Amino acid sequence: MAPEFLPVLAEDDVLRAAQVYAPQNHLTPEDQRRLQQELFEVQRRPEAWGLILPFLNNPDPNVQFFGAHTLQVKIARDWDAFPADSAPQLRDTVLELTGRAVSSGQNKVILRKIFVAITALAIKLHPGTPSRWPDWLRSCIGALSGMGVSREHILDFLAIVAEEMETADLLPPHKAQMQTTLADAVPMVVQAISECIQAPSMQRSYNELNAALKCLQAWMTILPANSLTPLVPLLLSLMLPQSEAPSAEFDDQAFIPASDTLQELLIKSALSDGSGTKTVTEPLLLWLDRYGDAIMRTTVSEGFVDDISHSLCKLLVALGDHSAMYFAKNIAAPAQVKEPPPCPFPLPAPLPVVSHLVQNYLRLLLAYTALPGYYGVEEEESEMTLSYWYLFQEALWTADYGFDVAEDGDSGAQADERERDMMPVAKAVYTELVSVLRRKVVWPPRAVLGGWARGMSRRFVVYRRDVGDTLINAYYVLRDDMLAFYVNDVLQRLSTRQAHEGWEEIEGTLHCVMAVQEAVPVEDSPHLRQIFGPDILGRLPKTGDDRVRRTALHLIGSYASWFTTQPSPTPGSVASSPLMNAITYVVSALTDPQLCLFAANALRDLCDANRIALAPHISAFGELHAGLTGIPDTEKAKVLQSIASVIQALPPAEGIPAVEAIVSPVVAKLFEALQSANQLPEEARAMAVQQLATLTGVAKGLTRATDTLLALDDSPELQSAMDEMSRARADSQVVKLREAILSGVRTAVELWSTDATVSDALSDLFKGITALPSDVSVISLPPGPLLELVCLAAQRQLTAVWLSLTNMLIIQLNPPSLIPTTFKSEPTPEAAEIAFNVLQVLLQTSLTFFSQPGAMVSNPDVVQAFFGCLEVFSHHFLPAFYRLPQELFNALIQCAVSALSLQERYSLTSACTFLSSIINRTASNEDLAGAKAAFAEAHGASIMRAILFGFAGVAPRSVAPNLIELLSTLTGKYPAESKRWMSGILFANDFYPCRATDDAKNKFIKAVFSTRSLKRTREAAQQFTLVARGLEGSTFGYATASM
């Protein structure tokens, strides 16, 4: 019999609805989706309340689930439509339904839905004064207990209450009220959990124990520290072995959930972040001291990490995250454990010293780090421990190490004690870690590796990378000792290696050296000299054994900048240098198809970092260039970039023959591709792209390695270098070379500018072959002709690529002065004319493109690049806008205004930035006083209208800060006009439909114009946005107000 306050549906309607949700194998997926949609539509109606009781009483579990789901949805989403005076009856009915559902044995998925519904109902009824459901949690527990609901289900309910409250969207006062009810229930919850854990093992229900521990995990963030502390020994009692002889045997059904709960306590509770060292850390260390070794011995002897051992590893990691600082401070602490906390197992007498417990923990964690076998194939746990070693290293540097006389009988200074006692132990730990990880990153022999699945190899590669990050932390502790260990390891293995043995062990050591490169200071190091000398690098294979050679190439490339610390090699010298050893090794790999890519990358890095040292050897690089016949074009481009880097270190005039020697063949191949475009279009395009990429690499190599923008001055050295470059650029050979490059680029644009691959290659080339005046090379091209090509390409197909290139080239038309000045440099008349012509072409092209229906919505990247380009124009060539035909300028501003209603964030943001820029710069330019007034008269009101409509709901809320900045700019430059515009727009009949009242609008206007503060304007605009969108008073609204 349904309660009177719930609607009653006809039995046929209920049956039809039930049939829709019950599994029907004869229906097609489309029919099933259609019928389910019908049911969801029914669920939205007020009559859906009438589905709850018949659905929950249906024998089909699927229908029962949907009944429980409907109850939850109706309470959470449609509560405002429910009669308020019927709420108490609904509350009692829901509790009664819960009791019936439990007693009838409905599964936990359905019960969970009902428990969520009860919590949702409490969230609706409890907050407020007076509360419509005071002390709701206790009354629920009382009601459920009175109906015979078991403790297991009550604990499930309490867990769901905590989970739901954590994510409930409530205003702070209401949230506080709900949290108070949870706080009041803490003693009851702790008692229920404790009773379950303390049940004798013979009488224990594992389902009830799991429910208790899941409940404790859910309440972990709610329980205060004094409630958690007594639970620690109870949890440890679940982790005691059932028997200790001949080997410890643990109850995994109790051990694992207890371990999981302790992990949650260490990470998320009031005792997390290093708290409770006496009540949590030390009891766990004492437990580990007694039982940890037994579990580890079983793991090693069986060669398999079982569930107990895996859980222990997770617990060790959680304890490390929690107590890293404690371990760092006590790694050599001489004092014994004082006043032992309650422990459910026998403690040794006398109690161990704290340092013994800490070192035992580190030994256990290291044992998991060092598990035998390959990660991802034979074990999964070693990777879990890696994050701890970073935390421990950080803690070692920040821990206040030192003890008073009563503890260690030594009144020495803290720094002395640290170096004498703490650091030797820490170094011993990290030395062992380094040794362990070196072994763990070694690849298996090829016969074993051949049996791995592809995914296993990928996982092992990722693991090696993660180990590299951990080794960096080890380096900060060990410093040179770590490099010395690796050098000695490689030397020993090289000296004992037999011809039939593989290189896997040596490759693993080299990988470790490479991994720590970013931490190694760029200074002379005898260990690195040894690695890159004849004793190690000189003895590595130069044929076959791809992996060790590839790692050696990566090693050389990663340490490229270190070679600058070595004396420059002398041409013709008998004695080899580390740099020339590295160059020789790299060059020998260029002809190997498997290693060519890695060798080319290493050579590029070496030459880029060591230009000056390698410049005297330019003839050797000429020989290298002559022997590039067997190298693929993709790698040849990097080799040419390497040679160009060395050429750059020569005086410009001396480098001209070398530049011509490496660039002319590339240009010739480019023209060859262009000329064959009609006969072999695909092959020609691919060849052209490769030659453009090669030119890009050469241009990058010829660019100065130092950034002159970091030290702009009028130093004689810089001016002399620029004068020398100018003379070199005037050389007739170089002029012809630049003309040939520009001619080839122009033809490529004419043929293939609409091809994405070619346009990307041209974009990279334009970025590499242009530069500011202080960084030009002999082949750098001026921005003017390239802007002409950009316009040509944009007219054929407007893309973000060409607009972004325009940004860069416009800046180069008006480069910053080398002499610091408070005044912005004015562009030359020639540059201003070029910019004006480019602006006209791009505006006509872009506005025509955007005028097509949906073009701005469908091409947000183009919109963003377009307005970003215009913002750069407004910064460097503002007067050009006011030389435009009036119709074109008006169309531009109208386009920007219409962009303020776009839903894509970056498009709208770029439009805001452009409008702010042109308004601000126009108003600040005394020469444009007339343009300022005309701009306001023609466009001020439309811009203000777009801003206000955006606040009211047209624009996404994420761009509110950008609209606010635009509003501030407009009101700051046109205060009187802006007030008139705002009043007229806000109170107009056609203002965007929103929830802002006349009072809210007046408050907004008053707040904006009563201050010149951007902060006040921002606050007023944010408040108006919340009001207008109906979000005032909502947690979501205020939480996202500053997004």
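Lys 108 and Glu 152 form a salt bridge, with 2.7 Å between the closest N and O atoms; a salt bridge is defined as a side-chain nitrogen of Lys or Arg within 4 Å of a carboxyl oxygen of Asp or Glu. The pair links distant parts of the chain, 44 residues apart, with Lys 108 in helix 6 (residues 108-125) and Glu 152 in helix 8 (residues 151-167). Helices (H or I, at least four residues) and strands (E, at least two) are DSSP runs, numbered from the N terminus. In the whole structure, 31 salt bridges are found.

The model is predicted, and local features need pLDDT of at least 70, side-chain atom pairs count only at pLDDT 80 or more, and totals for chains, interfaces and linings use all residues. Residues are numbered from 1 along each chain as its sequence is written, and side-chain values use heavy atoms, with hydrogens and water left out.

An unreviewed UniProt entry places the feature "domain: Exportin-1/Importin-beta-like" at residues 108-239; UniProt positions follow the numbering used here, feature names are shortened, and annotations may be inferred rather than shown by experiment. Over residues 108-239 the chain is 73% helix and 0% strand, and the end C-alpha atoms lie 27 Å apart.

Most residues other than glycine have a negative phi, and most peptide bonds are trans. The bond joining Thr 129 and Pro 130 is cis, with omega about -5°, and Pro 130 is found in the loop between helix 6 and helix 7 (136-146). A cis peptide bond also runs from Ala 349 to Pro 350, with omega near -5°; Pro 350 is in the loop between helix 16 (307-330) and helix 17 (354-369). Asp 273, a residue other than glycine, has a positive phi, near 55°, and is found in the loop between helix 14 (252-268) and helix 15 (277-302).

The axes of helix 33 (residues 681-702) and helix 35 (residues 732-752) come within 12 Å and cross at roughly 140°. Axes are lines fitted to C-alpha atoms, for helices over the stretch in contact, and angles run from 0 to 180 degrees between N-to-C directions. Helix 33 and helix 35 are therefore oblique to each other; angles under 35 degrees count as roughly parallel, over 145 as roughly antiparallel, 65 to 115 as roughly perpendicular and the rest as oblique. Contact (heavy atoms within 4.5 Å) is made by Pro 681, Ala 684, Arg 685, Ala 688, Leu 692 and Leu 695 of helix 33 and by Ile 741, Val 745 and Trp 752 of helix 35.

For helix 37 (residues 783-796) and helix 39 (residues 829-850), the axes come within 10 Å and cross at roughly 10°. Helix 37 and helix 39 are therefore roughly parallel to each other.
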